[in-house]
Every structure is written in structure tokens, then in C-alpha cells.
Amino acid sequence: MKIRIANGRVLDPANNRDEVGDVYVLEGTIVDREAWEQADGQEEVLEAGGCWVVPGLIDLHAHLREPGYEYKETIATGTRSAAKGGFSTVCPMPNTKPATDSKGMVELVLEKARTEGVVHVLPVGAVTLGQEGKALADFAAMKEAGICGLSEDGRSVLDARLMRQALAAARELDIPMLSHCEDESLARGGCMNEGVVSSRLGFQGIPGEAEDIIAARDIILAHKAGARLHLCHVSTKESVAIIREAKRMGVQVTAEVCPHHFTLTEEAVDGVDANTKMNPPLRTKADVDALLEGLSDGTIDAIATDHAPHSEEEKACGYAKAANGIVGFETAVPLVVTELVEKGILDAAGLVRAMSLRPARILGSDKGTLGVGRMADITIIDPQAEYAIDAESFASKGRNTPFNGRRVRGKVMATLVAGKTVYRDAEL
């Protein structure tokens, strides 16, 4: 199959390309014009005038729920949601049931992805067996099976000695550690940010220190071990300051922020609608401002979704008891365009760096570029499309979003994975 993506604004920061032009795809690979014209085969043209043509987006932090929680999401529905959101690669976290903590479990996820998924799935392996925080999983076996990194997501490895051992082992295998930073002794029982709003609503809060303490600890441990550390869903101004200083000192640390954390504050919490309940919780305006500054100056490397679908019942059982998390694949691009690009915090190339190039580098992958000879993972975005987010139209099983009905700009028009169009908007 020969595909020409025509007349789009081609954004490829890895190759310093920002120009209106064409991208040529031949048998799943990006090629130059001459090779494309000389090849035989059926031709397809995707007219991308007015759109951005960018390397396929990469989500470092998502939950596909399978195995064990298929009523929330499956690899089939989750990857279709990812494709609709412009993601050609997703990294599902290991808090499945059973946990993704062994070679066999990794192989199960990858086989499901091969037979039922539509985007690249790079599983993240659990740090400890069963995510119980007691004994390390077999990292080498999981790497052989195909994990892209390690995480205890949903919780921290609270035993510092065990985390130290895990980071040393990750260093030997040259795989990144994706850390969920949360001191349970401070966070236990909380359901939102600790502050004025939690006091007004009468809820127990989660202080920012619960994140900051573990962020600082893991940075210190990773630096001593020489390991690559990636901090997930950063939410506090203190964590941003800690990361900035660690980078200044030469620590191999990277960090991500999620769209909900740079878009909403604790003021969005009304104590009834649990679609604003997540972990870490929505923080203060000062925290949001620090996250935006961190994105602008490069302290925060990446934007990830923390896509976390839940059933309607799990969100309708009262705010304090409701499950944490929101769906994120299909709202990420419009929120980034609307809240960051439109407001001048990132430019279009900055979106590509944060959502494709840097995530690829964090994973040690050669993705994140439209260079000739690379796999044709490509996303087409119309930055001017204006519409209201409609949860009922999601490809995900989840409808748990605080952004339903929100007016946004920026729409994914097509997603190609290895040269195959796995999502295409009817208007393209």
C-alpha cells in the first residue's frame, strides 16, 4: 500500500522539520518521494491541508484494565480509544488482576494486543510480585518478554531498601523505573487535595507532601543507583521544584504531567461528581501554575493521560468511596491544544516533543519521528476544529470524565500505525 499524506504542516522536531508538505508511506515505512513514486501498488491520498502531521503520539501511562477488569475496559476497546485520541503507542500499567508481574503475564498482554489491539502496546511490568511490596518480580524475564519499563503504579514501593534494590536491578537491565509517588501514611483515607476546599466540604484531604516526599526519596535512590527514573503524574509545585533541581544536578530523572492536572484545580470538586476524583488529586492554582511553568521550561518532559476507565457504578457510590481516575485518551489532544498551545505555553512543536519525541526517548525507542526509514506511526490533527467533548461518543468503555460538554479546539483526524490507518475521522 502506498499512502501520501498531502499538504499538511509536517512537524518533526527530531529532524528540525516544520513545513507544509507531504509525507510518503510505503508498506508501513516512511520513505522519500522518489522511492514512493517509483514503487508499484495501489495509492491512497490523505488530504491534510490545514492539519498538523506529526509522529504518532506515545502515552507513557495508561490503564487498559485487561486482564481482570474487562468490565471497565479491554485491550480491544482501549486501543481503539487510544487510536481515536491520536496515540499509536500506549504503555499499560501493571495493576491488572492478576498483576503484570511475570513473563507469562507480559506475554498474555502482548498476545491480546497482537490479536485484538489496533495500536502498539508496550506493557509496564510490576516492581514487586502481586504489587504487594514484599519481593521483587523477575525483571529480566519480563524484559525478555517485552516490557518497556517498571512501575508499581497505583502505589509506591514504600520499603526504601526494596526500592533501592529495584533501581539497581533496573539500571543493570537498562530499563526505566516509572514511579508513582505517594506516601500512604500521609495519603491514607484522603479523597481530594488537603486544603480550603476539602475543609469546606468536610472531606479528609491528601497533602502535597505525600507526593513530594517519595519524589525526593526516589530521585535520591535513583541517582545513587545510576538508574533512569521517570516520575508519573506530577501534581505539586514542590515536586516540580525538586525535579528542576535534580536535573540541574545531573540526575537521570524525567517527569510527566496529565491534562487534568494542568487544566483543573481543587475548585472543580463539588463533593458529588466523582469524575473530579483522581490520584494524585486535583491541586491548587499555585500547583497548576508551577506545572505550566515546568512544561514551558522543560522541567516536565512529557504529557501522559493516566487513562483510567471505570464503570458508572464505581463513580456513583459517593465521592469518598468512588474509584480514582478518569478516561484520558480521547480528551488529551484537545486539552493540550486548548490549554497549552492556544495559550502560548507550548507551540505546536512543543506538543510533539511532549507527546511523542520525549516519551520515545524516555523508553529508549526510535519512535517519535517522521524520518525516512522509520515505521509509519503518524497522527493527523486539525488544530482549528472546535467542538464540545462528548463522552457518549468515546470508543472507550469508560465515560468517567469531568470534561464532558467542554468546548475545545484540536481534533485528531487520523492515526496510522505501521502504515495502517487505524482511525480516520469522517471529515478528513
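Arginine 65 is found in the loop between strand S6 and helix H2. This residue has a positive phi of about 70°, although it is not a glycine. Most residues other than glycine have a negative phi, and most peptide bonds are trans. The model is predicted, so local features need pLDDT of at least 70 and side-chain atom pairs count only at pLDDT 80 or more, while totals for chains, interfaces and linings use all residues. Residues are numbered from 1 along each chain as its sequence is written, and side-chain values use heavy atoms, leaving out hydrogens and water.

**Cis peptide bonds**

- Glutamate 66 and proline 67 are joined by a cis peptide bond, with omega about 10°.
- Proline 67 sits in the loop between S6 (57-62) and H2 (75-84). (Helices, H or I of at least four residues, and strands, E of at least two, are DSSP runs numbered from the N terminus.)
- The peptide bond from asparagine 279 to proline 280 is also cis, with omega near 5°.
- Proline 280 lies in the loop between H10 and H11 (285-297).

**Helices H8 and H9**

- H8 (residues 209-225) and H9 (residues 237-248) pack at an angle of about 15°, with their axes 9 Å apart. (Axes are lines fitted to C-alpha atoms, for helices over the stretch in contact; angles run from 0 to 180 degrees between N-to-C directions.)
- H8 and H9 are therefore roughly parallel to each other. (Angles under 35 degrees count as roughly parallel, over 145 as roughly antiparallel, 65 to 115 as roughly perpendicular and the rest as oblique.)
- Residues in the contact include Ala215 and Ile219 of H8 and Ile242 and Ala246 of H9. (Contact means heavy atoms within 4.5 Å.)
- By class, this contact of H8 with H9 has six nonpolar, one polar and three charged residues. (Ala, Val, Leu, Ile, Met, Phe, Trp, Tyr, Cys and Pro count as nonpolar, Asp, Glu, Lys and Arg as charged, and the others, Gly among them, as polar.)

**Helices H13 and H14**

- H13 (residues 332-341) and H14 (residues 348-363) pack at an angle of about 135°, with their axes 11 Å apart.
- That makes H13 oblique to H14.
- Ala332, Val333, Val336, Val337 and Val341 in H13 meet Ala348, Leu351 and Met355 in H14.
- The contact of H13 with H14 has eight nonpolar, no polar and no charged residues.

**The largest pocket**

- The lining of the largest pocket has 37 residues, and Asn95, Gly154, Arg155, Asn279 and Asn324 lie nearest its centre. (On a 1 Å grid over the protein atoms alone, a pocket is an open set of points where a 1.4 Å probe fits, with protein on both sides within 12 Å along at least five of seven lines; lining residues have an atom within 4 Å of a point.)
- The lining divides into ten nonpolar, 18 polar and nine charged residues.
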